[in-house]
Amino acid sequence: MLGWLLRKNTVLSEVVKRFINTPFPASSTPVNQANFLALDLELTGLNPRKDHIVSIGWVPVRGQEIILAEAKHYLINSPVSVGQSAVYHGLHDHQLKNAHDLADILTELLAQYAGYIFVAHNSALDEQCLRFACQRCFGKAPRFRFVDTMQMEWQRLLRQGKVVKHNALKLPSCLKRHGLPDMANHHALEDAYSSALLLLSQLKLGGKTMTLSDLYLLSR
Amino acid sequence: MEVADVTKFLADTTPFDQLDAAALSQLAAHINVYYYQAQDSVKINTDRLLIVRTGIFTLYSDQQQLLTKLQSGDFYGYQQLLTGLTDNDTLICEEDGLVYWLAAEAFHQCRYQYKNIDIFFQRLFSRRLHQYREQQQVSRFTLKISDVVQQRKIAIRPEQTAQEAAKLMSDSRVSSLLVEENNKLVGILTDRDLRSRVLAHALPASTQVSQIMTRQPQSIDRHAYLYEAVQQMSQYNIHHLPVTDQGVCCGMLTATDIIRSQQDHPVYLIGEIHRQQSSDGLERCSQQIAALAITLSKQQVPAYEAGHIITTITDALTQRLIYLAQQKLGEPPCVFSWLAFGSQARMDQSLNADQDNALLLEKEPVGAVGEYFSALAEFVCQGLAQCGITLCPGNIMATNPELRLSLKGWSGRFARWIATPTPDALLKASIFFDLRVIDGSKGLFNALQEDILQRTTEAPLFLYHLAQTALQRTAPLGLFKNFILEQDGKHKKGLDLKKRGISLITDLVRVYALYAGIHEVNTRSRLQQLAAQGIIDSKDGQNLNDAFDLLAQLRWEKHQHDLQNSHDVTNLLNPAEVSGLARHQLKDSFAVINEAQSRVKQRFCREL
């Protein structure tokens, strides 16, 4: 009776399997040789168990260059109404009618960016959502490797002995502090791009000898 | 899928600002973004175009000489992309910043697809960006004689008869004939002449044309502007003007030709000026000048043509005031020339110009002669002031008795300036060396001009000091190609387009013109003559001409902007308020001035 569901899962899980089997670069790798994928999700709420993804945006960083050719932004079919969350991301139910299936988009993401280190601003929520989404679509969630530009900024400011207020860590404030153009506006691709810019600046501040393990330490 | 921040930046950056949204988005898809930290060196031989998004980057030559600084909206790498050659320059990041790397293929594709973008980069490469124009609308508000005049020439010989003339007129359906002898214009004959000089006097039909024609008629060059023809027709109250091409007669321009071609044009204002019977009437006419200027600007009339028109109107006001003065004061006791100096003489008058004029008299200004011209000058200068052309704060006006001199008086004064040129005196005097006759005797004026030019061409010491004076001020370009802003009395910062731009070129060109004895006063005409005579390199001349046009254009637009916002009209431009293209062009124009100044220094300021 549920055969179609199982069949779909077995086909799709090939992608998950490949993602799991692709190793992440060694921790001793210099950051300028690693591949990153900055991404951002817009959600119907803040609870990763209950809430759904309404849009997803990503842009890869290779050799410390943001590759705009691969910048992607997708609206996702949501099983529930976007409700009040529309206030933040500006996406309304009627715009989501021609949106994509979450499974298709996750397949594209996993297939193309295996071995990439994911980057997000305040990554905890994005990571959890992504895991639950994979669980829902494929029956299994791979282990992601995330670095958090917000954590890195927090640690940097702490080391400078500054008192950090919560607002000071929001994406627009961080961009401003780094002298970067500020376009962050709760649009998944714009925010992903902004966190990629922030990452570039943070990698430069880490110096030429910075490795991935240094980066993970900073982003903890 | 596009990142809005990137496409928005491209949309604001010259030359990509001409692309539509789809093309911009396509371009953005070929961009990689990189972040440089201060002290980082930029690898530039990578076959990509660098677009600076934020930060400052410094370019050094292989000898570690600082070449230029790049900032937001500047480009690098197009040199290699256009020529395929590499250089040994190094680019160092000076202030942390983002750059966009545009893939070579996308860059070339864009150039092939959009001609103007190709031209932009070609010009940027040849450092002659001031010659690039944003897609210019071809609008010819200001027609030239050659645009209007009939291309056929109907001529008769002086020994032919009145009857033959009448038949030729009817056959050719024209109202006037050119009278030529050995291909040389000797007179004109109109149908009115046949009526008033033949029929009214009962002369026979066999009367020779030479007996009834108007001899030595006024004529006009076919390259002159149409409003100049109207000016001439109004001034002499004639309706027919033979048109010449390089001195050879080629056709006839009639008042009807003009009316047919023009409906809303400054010619009507000029015509109206010549019909006024009082200075109050002229004042009413002059109130239309501001509106006319706005119309000209809306019609995208280039600044130099607009300057020409404004000057022609000032000329017309002056001529009419002189006519009205004579109506009031009676016939003048001797022949005179009304002279204009400075911008009116050069025909590049702007809306905020003041009066610079003088009188050249046939006789010494003593007794009755002195009194007459004192009164005439008072009438004309006050009249001009009433028409909004303010009195000269430096008192360079015909009302000043120092400036009402005989030919001998003027000649002596110029001779003194030329023979003993102290820099201080020259600073004041340089304005007098651009002079033009507005009304009265041309012969008297020509005698003075010949006298002056004869002296200046043989006076190296004078040219040395004149050049020194011209070099005193420099273009407002800093060591690193940044703008140097200055403040006006109201503490507004900006670039003084006149003092630190247009005047510098005018001054330089004047040195050459006086050296070469060129009669032209208009800066563009002087440059053309100088290049034609081989006094200056024709490319340098063209560069100066372009820089001059650009600065004049920016000033004209600035004035229009002030006028429309009811501000005081000033020459102070805030570079932040102009487009990226204009900023590039300004820098290039200033660089052209710097080069031209150093050439003048080499040529005229070596040790004597």
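Because the model is predicted, local features need pLDDT of at least 70 and side-chain atom pairs count only at pLDDT 80 or more, while totals for chains, interfaces and linings use all residues. Residues are numbered from 1 along each chain as its sequence is written, and chains are lettered from A and ligands numbered from 1 in the order in which they are written.

Start with chain B. It has 25 helices and 22 strands; these are DSSP runs numbered from the N terminus, helices being H or I of at least four residues and strands E of at least two. Of its 608 residues, 42% count as buried. Buried means that 20 or more other C-beta atoms lie within 10 Å of the residue's own; exposed means 12 or fewer, and partly exposed is in between, with C-beta atoms placed from the backbone. Among contacts in chain B between residues at least 6 apart in sequence, 71% join residues at least 24 apart. A contact here needs C-beta atoms, placed from the backbone, within 7 Å.

Two helix pairs come next. Helix α21 (residues 460-471) of chain B packs on helix α22 (residues 498-516) of chain B at about 170°, with axes 9 Å apart. Axes are lines fitted to C-alpha atoms over the stretch in contact, and angles run from 0 to 180 degrees between N-to-C directions. α21(B) is therefore roughly antiparallel to α22(B); the class takes angles over 145 degrees, whereas 65 to 115 counts as roughly perpendicular. From α21(B), the contact uses Leu463(B), Leu466(B), Ala467(B) and Ala470(B); from α22(B), it uses Asp507(B), Leu508(B), Val511(B), Leu514(B) and Tyr515(B). Eight of these residues are nonpolar, none polar and one charged. Ala, Val, Leu, Ile, Met, Phe, Trp, Tyr, Cys and Pro count as nonpolar, Asp, Glu, Lys and Arg as charged, and the others, Gly among them, as polar.

In the second pair, helix α15 (residues 303-329) of chain B meets helix α24 (residues 538-564) of chain B at about 65°, with axes 8 Å apart. So α15(B) and α24(B) are roughly perpendicular. Ala303(B), Tyr304(B), Ala306(B) and Gly307(B) of α15(B) face Asp549(B), Ala552(B), Gln553(B) and Trp556(B) of α24(B).

Now the cores. A nonpolar core is a set of buried Ala, Val, Leu, Ile, Met, Phe, Trp, Tyr and Cys residues joined through C-beta atoms within 7 Å. The largest has 126 residues, and Leu339(B), Leu359(B) and Val511(B) touch the most other members. Val511(B) also belongs to the α21(B)–α22(B) contact. Another core, of 92 residues, lies apart and includes Ala71(A), Cys129(A), Leu24(B) and Leu50(B).

Where do the chains meet? The contact takes 18 residues from chain B and 20 residues from chain A. On the chain B side, α1 (4-11), β1 (31-36) and β8 (97-103) each supply at least two residues. The largest share, five residues, comes from β1(B).

Some backbone details remain. The peptide bond from Thr14(B) to Pro15(B) is cis, with omega near 0°. Pro15(B) lies in the loop between α1 and α2 (21-28) of chain B. Asn182(B) has phi near 50°, a positive value in a residue other than glycine. Asn182(B) counts as exposed, with 6 C-beta neighbours inside 10 Å.

Key
Angles under 35 degrees count as roughly parallel, over 145 as roughly antiparallel, 65 to 115 as roughly perpendicular and the rest as oblique. Two residues are in contact if their C-beta atoms, placed from the backbone, lie within 7 Å.
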